[in-house]
Structures are given as structure tokens and as C-alpha cells.
Amino acid sequence: MKASKTELIVRALENGTVIDHIPANRLFKVVSLLHLDETEDKITIGNNLRSEKLGTKGVLKIADRYLQPEELNKLAILAPNAHISIIKDYQVVEKVRLSMPNDIVDVLQCVNPMCVTNKEHIATRFHLLDAEKGTVKCHYCERVINREDCILK
């Protein structure tokens, strides 16, 4: 089969997860977050693709893997408007809507260097203040952090 100059040939996903509409500047953070840089799963990565909503976007196709709830919670922090499609036998069988959890435990690092979580071996804990803006508050030092300033553990 010969493709025209305007076609891209990317094999359809038989089983697995497609994550679409990832902000392009966060795609590789998502790859790291999901440990896709350490896996032997077959992965297709597309970045800086045209998007009417985002300008540019990233897309991930992960063969034979379905994201766990804690992975979806982490993904919601970095890319809350990403579209998640579950694929089985080449068909979309489910679309998952992301939502930031009210309590985020041991996922983010507090940006306050004086926070007890940065001084002692204590699991971090943040409370969601504004899901749309991605604003969270540290349970221990009460520092308010915006999505852009969040540091993943």
C-alpha cells in the first residue's frame, strides 16, 4: 500500500489506551508521569500536532495497557482536558472523563522549601481548591500552588 504525500500511516490500535488533546508542552511530562519511558509497551507519540482548541497538541497511543485510577488522577493534574479512549478490538469502547481528585496524596512535591514534607520523609498531601485553574493547597504548610508550578514526584 502506497500512501499519498498528505497521509500519515500509523497503525490502528487493537487494544489499549489513547490519550488525545494533551497540551504539547506537557506531553513528555505525561510520558514520564506514566513511566512510558521505562516500559516495553508499544507506544505511539505525536507532538506539536495541529489542534483547533489548543493550537498544538500531543497524542499518546499505548498498546495493551489501560490506565489505573491513580494514573488518571495524576494525568488530570497535568492535562485536565485530555481525552482518554479505551480501545478493544480496534473499537472505542469507553471514553474516560478526567477530573482532579479532591485529595492528592504523594503525587506532588511542595514548592515550599520549608515545608515539613521537604525536611522529613512524609507523604505529601494537597487539597483541591479550584479544579478549573488546577489550584491546590498543601495540607501541611498551606502553600497554594497553581498547576503551572506543580512539581510531580
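Helices (H or I, at least four residues) and strands (E, at least two) are DSSP runs, numbered from the N terminus. The legends below concern a predicted model, in which local features need pLDDT of at least 70, side-chain atom pairs count only at pLDDT 80 or more, and totals for chains, interfaces and linings use all residues. Residues are numbered from 1 along each chain as its sequence is written, and side-chain values use heavy atoms, with hydrogens and water left out.

**View 1. Ile62 in strand 3.** Ile62 lies in strand 3. With a relative accessibility of 0%, Ile62 counts as buried; buried means under 20% relative accessible area, exposed over 50%, and partly exposed in between (1.4 Å probe, protein chains only). Contact is defined as heavy atoms within 4.5 Å. When neighbours within four places in sequence are left aside, Ile62 is in contact with Leu13, Asn15, Gly16, Thr17, Ile19, Leu36, Asp41 and Lys42. Between the C-alpha atoms of Ile62 and Ala131, which are 69 residues apart along the chain, the separation is 27 Å.

View 2. Two strands pair if DSSP finds at least two bridges between them. Five strands, in the order 2-3-1-4-5, make up an open sheet with antiparallel pairing. The edges are held by strand 2 (43-51) and strand 5 (91-96); each has a single partner strand, so one side of each is left without a neighbour in the sheet. On average, neighbouring strands of this sheet are turned by 20° against each other, direction ignored; the axes are lines fitted to C-alpha atoms, for helices over the stretch in contact, and angles run from 0 to 180 degrees between N-to-C directions. Strand 1 (residues 16-23) and strand 3 (residues 55-63) run antiparallel and are joined by six bridges. Gly16 has Ala63 as its bridge partner in strand 3.

**View 3. Glu71 in helix 2.** Helix 2 (residues 69-78) contains Glu71. The relative accessible area of Glu71 is 14%, so this residue is buried. Apart from neighbours within four places in sequence, the contacts of Glu71 are Leu34, Arg65 and Tyr66.

**View 4. Lys88 and the ring of Tyr66.** A charge sits over a ring if NZ of Lys or CZ of Arg is within 6 Å of the ring centre and within 35 degrees of the ring normal. The charged end of Lys88 sits over the ring of Tyr66, at 5.4 Å from the centre of that ring. Tyr66 is also one of the contacts of Glu71.

View 5. Strands of a sheet pair through backbone hydrogen bonds, either parallel or antiparallel. Here four strands form an open sheet in the order 6-8-9-10, and the pairing is antiparallel. Strand 6 (103-105) and strand 10 (144-145) are at the edges; because each has a single partner strand, one side of each is left without a neighbour in the sheet. Four bridges connect strand 8 (residues 125-130) with strand 9 (residues 135-138), and these two strands run antiparallel. The bridge partner of His127 in strand 9 is Lys137.

**View 6. The setting of these views in the chain.** The chain has three helices and 11 strands, which follow the pattern β-α-β-β-α-β-β-β-β-α-β-β-β-β along the sequence. Its C-alpha trace spans about 60 × 30 × 25 Å along the principal axes. Of the 153 residues in the chain, 39% are buried. Among contacts between residues at least 6 apart in sequence, 55% join residues at least 24 apart.
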